[in-house]
Amino acid sequence: MSVGLEHREVVGLDIEAPADVVWRHLREPDLVRRWFGWDRDGLDEEISETFGVRPVASETSSVGGAHVRALAWPRGDRLVVTPAPGESHHRSHVSVQRNAHDGLTTFDGVHDPRDEAWIAGAHQLKFALEEHAGADRHTVVMRDMDAGPLRDRLIDRLGLHGLRGIPVGGHLQAELPDGSLIGGQVLYKSEHQVGLRLYAESSALLVLMETPAGSRPPHGLLTAVLSLYDVDDAAVAEILGRWASWWGGAATSSTASPRRTRVS
């Protein structure tokens, strides 16, 4: 789908799921919770406001006859769902479009947190539908940790040396500070994000989001969101303990305590 001159595409991707299913995951609160953000105080109200109250939903047909569904927010954000080109009716295309950066209060010239939230959200939606359709989610979240100076980056202290150099589709194997191993595949990369499918956590999605030092001096910030599916409370507690040891041992920020959340 073309983007108007007043809009720019923040993220666009194909999802191996029918457009009807993707659309339901944008409109039904219980399904939105399977991919949107992470559990925190006020999440239900945020979902209701963000996907229920504020946007205007529309359905049209494109020149080629494709069924186009869209959500449009008052400040110019648009999310468009269309059947992906080709014969398959089981694949969809999702495009998130926003106004040009000129005049946007969320953009400081270096980093736009709303852009980053949409990028992460689109990929979390894709992962939920393609890898764990119908499953509820648990999350472990580490927010706004000091990213560390160039010679002592938090990402390196965590054992993830060279992560940025791995291409999309490439595989990561790293030794953590406690001597255990972590393995995964790079699912996507953007200027400020990396998404990893982790094998040891029942095919979990780890999203690492960096806020550059230019936006949050002196070192910038690192946020990690681990989305877990098909795990019970005991498994989540065990994973939470390992993550507390891993991240807490590497990070110096007081915000480095993990948060266990459950989305149902």
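This is a predicted model: local features need pLDDT of at least 70, side-chain atom pairs count only at pLDDT 80 or more; totals for chains, interfaces and linings use all residues.
Modeller: Let's start with the labels: a strand is a DSSP run of E, at least two residues long, and strands are numbered from the N terminus.

Biologist: Got it. What is the phi of D144 like, positive or negative?

Modeller: Positive, near 50°, and D144 is a residue other than glycine. For a backbone detail of another kind, go to P217 and P218: a cis peptide bond joins them, with omega about 5°. P218 lies in the loop between β10 and β11.

Biologist: Now the sheet. In what order do the five strands lie?

Modeller: Here's a general idea to carry along: side chains in a regular strand alternate between the two faces of the sheet. In this structure, the order is β1-β5-β4-β3-β2, the sheet is open, and the pairing is antiparallel.

Biologist: How many bridges join β1 to β5?

Modeller: Eight, and β5 covers residues 92-99. To find your place in that pair, look for I15, which stands opposite S92 in β5. Then there is helix α1 (residues 19-27), which packs on the sheet and touches β1, β2, β3 (67-72), β4 (78-83) and β5. The direction of α1 makes about 15° with that of β3.

Biologist: And how many bridges do β4 and β5 pair over?

Modeller: Six, in the antiparallel sense. L79 has V96 in β5 as its bridge partner. Moving along to β3 and β4, four bridges join them, and A70 stands opposite V80 in β4.

Biologist: What do β3 and β4 form?

Modeller: A hairpin, with five residues between the two strands. In its turn, G76 has a positive phi of about 110°.

Biologist: Let's turn to charges. Which residue forms a salt bridge with R8?

Modeller: The general idea is that side chains of opposite charge can pair when their charged atoms come close. Here the partner of R8 is D112, and their closest N and O atoms are 3.9 Å apart. That falls inside the 4 Å cut-off for a salt bridge. The pair links distant parts of the chain, since R8 is in strand β1 and D112 is in the loop between β5 and α4, 104 residues apart. The count for the model comes to 16 salt bridges.

Biologist: How about empty space? What is the volume of the largest pocket?

Modeller: In general, you roll a probe the size of a water molecule over the atoms, and that shows where empty space is left. In this model, the largest pocket comes out at about 770 Å³. Its lining has 30 residues, and those closest to the centre are W38, P113, R114, E116 and A117.

Biologist: Which element gives the most to that lining of the largest pocket?

Modeller: α4, with eight residues. Among the other elements that give two or more are α3 (43-53) and β6 (137-146). By type, the pocket lining divides into 12 nonpolar, eight polar and 10 charged residues.

Biologist: And how many cavities of 30 Å³ or more does the structure hold?

Modeller: One. The largest cavity holds about 40 Å³ of space, and its lining is A147, R153, L154, I155, E210, L221 and L222.

Notes: Residues are numbered from 1 along each chain as its sequence is written. Side-chain values use heavy atoms; hydrogens and water are left out. Two strands pair if DSSP finds at least two bridges between them. Contact means heavy atoms within 4.5 Å. Axes are lines fitted to C-alpha atoms, for helices over the stretch in contact, and angles run from 0 to 180 degrees between N-to-C directions. On a 1 Å grid over the protein atoms alone, a cavity is a set of points where a 1.4 Å probe fits but cannot get out, and a pocket is an open set with protein on both sides within 12 Å along at least five of seven lines; lining residues have an atom within 4 Å of a point. Grid points are joined across faces, edges and corners, and a volume is the space filled by probe spheres set on the points. Ala, Val, Leu, Ile, Met, Phe, Trp, Tyr, Cys and Pro count as nonpolar, Asp, Glu, Lys and Arg as charged, and the others, Gly among them, as polar. A salt bridge is a side-chain nitrogen of Lys or Arg within 4 Å of a carboxyl oxygen of Asp or Glu.
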